[in-house]
Amino acid sequence: MIRKLLLTALMIALMSTIVGIFGMNEVRAANYYDYGCGVDYEVSYIEDDGSLSKVSCHSNFAEAKKKMQSLGEDYVVRNANSLSPTKIIAMNSGIAYSYPTRSGSSTMTIYSTPNYKNEAYKTTYVSIHYEMFYYDTERIVTNGGLGMIEVELNGFRGYCDLEYTDLVPMKYIRNSIPIWLGGNDKTSENEQPFKTICRQNYFEVTKNGNYYDLVFHFYRAYHSPGLPGYEPVASAIAIGPAMDFMKTGVKYYSNDAISFYLDDNLTDFAGKGYNYYQFLPLRTKSDISASTMDSYIIHKMGASTNSVMKNAGADFVSNQDIYGMNAALVYGLSVHESAFGTSSYAIYRNNLFGWNAFDSDPSKATYFESVSQAIKEHMGINLRKYISIEDFRFFNSSLGNKGAGINVKYASDPYWGLKIASHIYGLDKYANDNNGKLTDYNKYKLALVEKKDAKVYSEPSTASDVLYTTGYGDDYQKDMIVVILEEIDGFTKIQTTDPVGSDGKIISAETDGLVEYDFERSVGYILTSDLQYLNCNKSYEVVAGDYVAYIKELSIDEKGMLIIKGEAYRQNIPNEEYEAAISLILKSKDEQTLDITQITGAGDALSFSSCLDLSLLDVGDYSLIARTSYKNEDFNGEAVLDSDILPPVYSIEGKIISFKNDEDGFAIKIEEVPSEGFEVLTSLREMKLADGYLQITGVAAIKGIDFVDQELISHLIVLENYKTGETVEFAAKTIDAGGYNVNDGHDYQYAGFEAKIALSDIASGEYLLKIKVKNNGLSSLAYLKSSRSEFTDRTANYDDKQFKICANPLYGYRLELSCISTPLDYQLINKPDSRNSLSSFDSISISDDLELIINGHAMMYYLDYSDDAELEYDVYLVKDNKDYRKMETANKACPVDYSTLLNSSYDMSNICFEAKTNIQDLEGEYQIVVAIENGEYLDYVEIPNRSYRKTPSIKLDNKSFEVLTSAIRYRLYLNITGE
């Protein structure tokens with residue numbers, strides 16, 4: 001047990017040294033987050049960097065969960081038996097992501113009951129990496145690894161296996177903190193844990209031409225290598241017109257695409273609505289023509305497309321009348337499943353619907369003789385089974401979501417219904433030339449069946465035969481929607497989901513073959529009191545919308561004029577008819593009205609263009625307001641303007657002008673010219689120690705300021721003493737930057753510099769290298785940085801001093817200069833890379849007889865450490881050029897597989913050493929230096945203590961012997977004081 005604890009401490013110490021160098025994504029270890037409770041349950045706090053800190057340990061789950069809930073949202077319960085990299089098994093709020101491949105399956109089941117895996121109740125299923133809203137961890141069957149959690153998967157609220165999910169608390173999502181997910185994949189893919197940022201699905205209203213679309217933004221819980229940072233795979237689709245209660249510029253969150261909230265925890269209710277295309281029953285007719293369907297394929301895929309759907313529109317429309325399936329809904333289903341008729345299943349099997357292409361074995365997809373046959377059988381046989389009241393797959397006759405509709409059992413994709421609705425909405429807009437009207441939208445009146453097991457009668461009388469009762473089996477009914485045909489004396493006439501035969505009875509789902517549907521005969525009657533009317537057959541009408549005002553272009557011309565272009569209008573109000581006008585107000589102590597030089601606009605959008613002479617503004621803060629007036633004053637609007645585009649900091653006549661967006665909208669801040677503090681752009685082109693000089697060439701400029709007047713520009717090289725903070729400045733020559741450009745609209749012609757500093761002018765010490773740049777009274781300071789390994793002449797001997805330049809990867813590869821007296825010849829240094837070599841100590845001790853023993857590891861990058869004959873380690877205690885001690889040093893076997901730990905392809909099996917010497921006769925301060933020799937390569941490297949681990953000290957005979965940590969790069973040194 002002691003050996004295990006020592007090994008754990010060693011690994012933690014190593015990680016603290018290397019994480020800053022490699023980044024967490026490159027560190028591959030068995031445990032991605034520290035865990036400190038053994039086999040017990042750990043309550044942990046989520047730190048701001050995403051790490052998990054132990055708060056307490058508990059012997060049972062219930063006790064740990066209670067503790068977590070008492071502490072607040074950023075606390076979780078963890079257990080070492082969890083298969084998830086985070087080991088999180090319970091949280092106060094967050095998202096659960098499906099990960100069924102830990103079971104060896106491509107999908108996982110969600111149960112409507114907490115009775116563990118009881119298939120007798122309703123279930124749905126989902127594939128990998130999908131969002132589920134998390135409610136609770138219901139129970140733990142074993143110590144942490146197995147259990148059930150309560151979730152909602154786009155409308156289906158139920159229970160799933162904890163071990164096949166990853167839990168992501170809200171803190172990671174809201175703060176965009178990368179998190180490790182996945183792993184323990186038992187399928188042939190064998191996916192390893194991966195790091196990603198998780199983002200929560202949301203909806204928003206977007207003006208798209210003549211329509212206000214409801215756009216669904218959704219994410220998958222994994223990172224694509226083609227995306228920046230750790231951003232997850234993201235998609236956005238317009239699923240239908242925005243609902244009445246929705247506004248532009250607002251994010252709406254939902255766990256079912258029916259009830260919408262203003263917050264990510266789903267507590268601030270905004271409104272409820274059913275997307276028409278998604279929840280329209282299939283037992284309806286579309287008015288979109290076959291020719292429109294055919295031309296839509298060409299419109300989307302191009303005239304040269306190989307789509308097998310190019311002339312299939314007539315099949316959808318004709319079979320609609322025979323088999324009673326809405327042609328547009330089935331057309332949208334086929335477009336989605338076959339990629340507009342271009343999928344391999346469509347081309348080689350005429351299978352437009354992914355029929356029998358199961359997640360576990362897609363190769364079983366059905367072959368059809370023709371596209372016509374596929375459409376006919378899907379409308380007359382396959383879908384009829386799904387929407388039959390007798391079939392176990394029946395969850396309503398609409399596309400729906402995972403709670404109700406065909407989506408429950410048809411597809412593992414929880415957004416299947418939404419995606420098909422998006423295709424139908426696009427088709428409907430296309431059918432109207434995108435002119436603001438829709439053909440199919442709200443054609444039918446819809447109602448929600450509120451009573452479970454409501455009776456559907458053959459006649460408008462309770463004395464008549466009952467055709468069927470509503471519900472999905474015996475125990476479940478949710479979001480059952482019916483088509484309203486007529487109201488008769490307390491009854492509502494509806495279209496039946498099953499066909500009604502000539503005998504007045506439902507045709508059984510067990511009936512084989514194609515079954516026709518008679519729209520006139522297939523009707524039933526339900527008590528109106530059992531219904532809640534939904535859309536009341538509203539058409540898609542243009543109504544006055546929100547007031548919209550924003551800036552879409554900002555720039556500053558050569559005369560210092562701020563050019564402002566944007567839009568300010570009332571949505572859906574034609575400007576020509578209502579005689580709109582705009583004023584821009586610059587608000588400070590006194591409102592100033594800007595001169596609008598140009599107003600343009602067509603339809604309801606109204607654009608403006610104006611300019612502002614920045615030189616006329618006094619020091620202060622300003623905001624910009626748009627006011628739009630109409631002939632009908634009820635439509636007037638006023639809003640603070642916002643802008644996604646901000647000009648860079650601008651200097652004019654001794655004033656600095658900056659721009660930002662804050663709670664008051666777009667803001668202009670005017671200040672007197674400061675002496676320091678602006679962002680500096682730097683690029684190092686050459687640096688070397690040669691011929692008695694430190695020579696540096698590069699580019700340095702204040703971002704957002706033109707560098708065109710060479711007489712107003714100067715550059716200084718600044719050496720800052722690492723230990724004392726004192727600085728010394730050396731003048732550099734300002735030169736042409738040689739085409740330097742960062743594409744921000746500014747000219748950096750004279751941002752170049754070159755410096756030649758005599759080594760004799762540099763006093764002994766350890767220095768940070770900086771560049772100070774000045775331009776027309778502006779001044780700013782920045783580190784010189786470079787990770788370029790091809791720089792040569794990085795060491796030099798001069799006047800009994802050793803000079804060395806290194807790039808420190810722990811601080812963004814900032815450059816550091818050493819100028820010291822040492823017995824170690826820096827000019828012998830030869831390594832493959834300019835970075836500081838890696839080193840760390842595993843243990844340091846001072847015995848009672850004053851023997852100093854150091855166990856550690858050190859390595860130069862990009863080398864193998866497999867050949868003992870090529871390797872040699874020496875440890876030195878260095879006081880000055882004359883007083884130093886070479887310790888007795890030997891290679892030793894490493895206790896850890898560093899190649900695996902660092903995810904490196906290089907062999908690091910022999911990077912460890914042990915050094916010892918008696919220090920009784922030493923006095924003063926000694927730096928600890930490791931000499932690493934690997935074949936032709938050599939480096940001298942100090943040993944850091946970045947995590948301030950405890951180091952030894954001992955007193956003997958009125959003398960103190962201590963190993964301390966210096967302020968210089970956290971390096972260790974030996975300090976001996978006293979008589």
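Among the elements that cover the buried residues of helix α2 are the strands β1 (41-46), β2 (52-58), β3 (75-78), β4 (88-91) and β8 (131-140), where helices (H or I, at least four residues) and strands (E, at least two) are DSSP runs numbered from the N terminus. The model is a predicted one, in which local features need pLDDT of at least 70 and side-chain atom pairs count only at pLDDT 80 or more, while totals for chains, interfaces and linings use all residues. Residues are numbered from 1 along each chain as its sequence is written, and side-chain values use heavy atoms, with hydrogens and water left out.

Helix α2 spans residues 61-71, and its buried residues are F61, A64, K65 and M68; buried means under 20% relative accessible area, exposed over 50%, and partly exposed in between, with a 1.4 Å probe and protein chains only. Seen down the axis of α2, these buried residues fall within an arc of 100°, so they line one face of the helix, the arc being that of the directions from the helix axis to the C-beta atoms. An α-helix has 3.6 residues a turn, so residues three or four places apart point the same way. The face of α2 turned away from the buried side carries the exposed residues A62, K66 and S70. At the start of α2, a side-chain oxygen of N60 comes to within 3.3 Å of the backbone nitrogen of A62, and after the helix comes G72, whose phi is positive, near 125°.

R971 lies in the loop between β56 (959-965) and β57 (972-978), and at 11% relative accessibility R971 counts as buried. Its side chain is joined to that of E942 by a polar contact of 3.2 Å, that is, a pair of N or O atoms within 3.5 Å, of which, within protein, one must be able to donate a hydrogen and the other to accept it, and residues adjacent in sequence count only if both atoms are side-chain atoms.

For the protein as a whole, the secondary structure comes to 13 helices and 57 strands, and buried residues make up 55% of the 979 residues.

How values were computed
Contact = heavy atoms within 4.5 Å.
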